[in-house]
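Thanks for coming. I have one structure to go through today, and I will keep to a few local features.

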Amino acid sequence: SLVNHVVELSIGISKDLDGMFAKVSPVVPATILLSINHSVFIKGDQTNFTIEPELGVDASELYPDIKYTSIEEYLSHFA
């Protein structure tokens, strides 16, 4: 198939390029990883956006009888 052919070509090109460039493995400091995790999983920055009406609706509009619990409210039980 076309996909298999493209994959075979890309593997062949990557093997040819292996010797041309020095491999560099990026090192990300733990503080950056922790700050990204805090932003995403604690503050919920990935879910704090407005849903455009032509693209979809919020789950609270689909199921108005269900009470949703925020992360802050949930975690307050363990404080």
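**A nonpolar patch and its neighbours**

I start with α4, because the largest share of the nonpolar patch, three residues, comes from that helix. Before going further, note that this is a predicted model.

So which residues make the nonpolar surface patch? They are F41, I42, I71, Y74, L75 and F78, and the patch they make covers about 640 Å².

Take α2 next. This helix runs over residues 30–42, which is 13 residues. At 1.5 Å a residue, α2 should span 18 Å, and its end C-alpha atoms are 17 Å apart, so the two values agree. The helix is followed by G44, which has a positive phi, near 75 degrees. F41 lies in α2. Is F41 buried or exposed? Its relative accessibility is 57%, and the cut-off for exposed is over 50%, so F41 counts as exposed.

Now the aromatic residues of the patch. A search of the whole structure finds one aromatic pair. That pair is Y74 with F78, in an edge-to-face arrangement, with 5.4 Å centre to centre and 65 degrees between the planes. The cut-off for edge-to-face is over 60 degrees, which is why the pair gets that label. As for accessibility, Y74 is at 47% and therefore counts as partly exposed. F78 has a relative accessible area of 60%, so F78 is exposed.

Next, the charged side chains. How many salt bridges does a search of the whole structure find? One. Side chains of opposite charge can pair when their charged atoms come close. Here the partners are E73 and K67, and their closest N and O atoms are 3.1 Å apart. With a relative accessible area of 35%, E73 is partly exposed. K67, at 59% relative accessibility, counts as exposed.

E73 has a second contact to mention, this one through its backbone. The backbone oxygen of E73 lies 2.6 Å from a polar atom of the S76 side chain. S76 sits in the segment after α4, and its relative accessible area of 45% makes this serine partly exposed.

How values were computed: Residues are numbered from 1 along each chain as its sequence is written. This is a predicted model: local features need pLDDT of at least 70, side-chain atom pairs count only at pLDDT 80 or more; totals for chains, interfaces and linings use all residues. Side-chain values use heavy atoms; hydrogens and water are left out. Helices (H or I, at least four residues) and strands (E, at least two) are DSSP runs, numbered from the N terminus. The expected span of a helix is 1.5 Å times one less than its number of residues. Patches are made of residues with over 30% relative accessible area and no salt bridge: like charges are joined within 9 Å, nonpolar side chains (Val, Leu, Ile, Met, Phe, Trp, Tyr) within 5 Å. Accessible areas come from the Shrake-Rupley method with a 1.4 Å probe; for residues, only the protein chains shown count as cover. A salt bridge is a side-chain nitrogen of Lys or Arg within 4 Å of a carboxyl oxygen of Asp or Glu. Buried means under 20% relative accessible area, exposed over 50%, partly exposed in between (1.4 Å probe, protein chains only). A polar contact is a pair of N or O atoms within 3.5 Å; within protein, one must be able to donate a hydrogen and the other to accept it, and residues adjacent in sequence count only if both atoms are side-chain atoms. Rings of Phe, Tyr and Trp (its six-membered ring) pair if their centres lie within 6.5 Å; planes under 30 degrees apart count as stacked, over 60 as edge-to-face and the rest as tilted.
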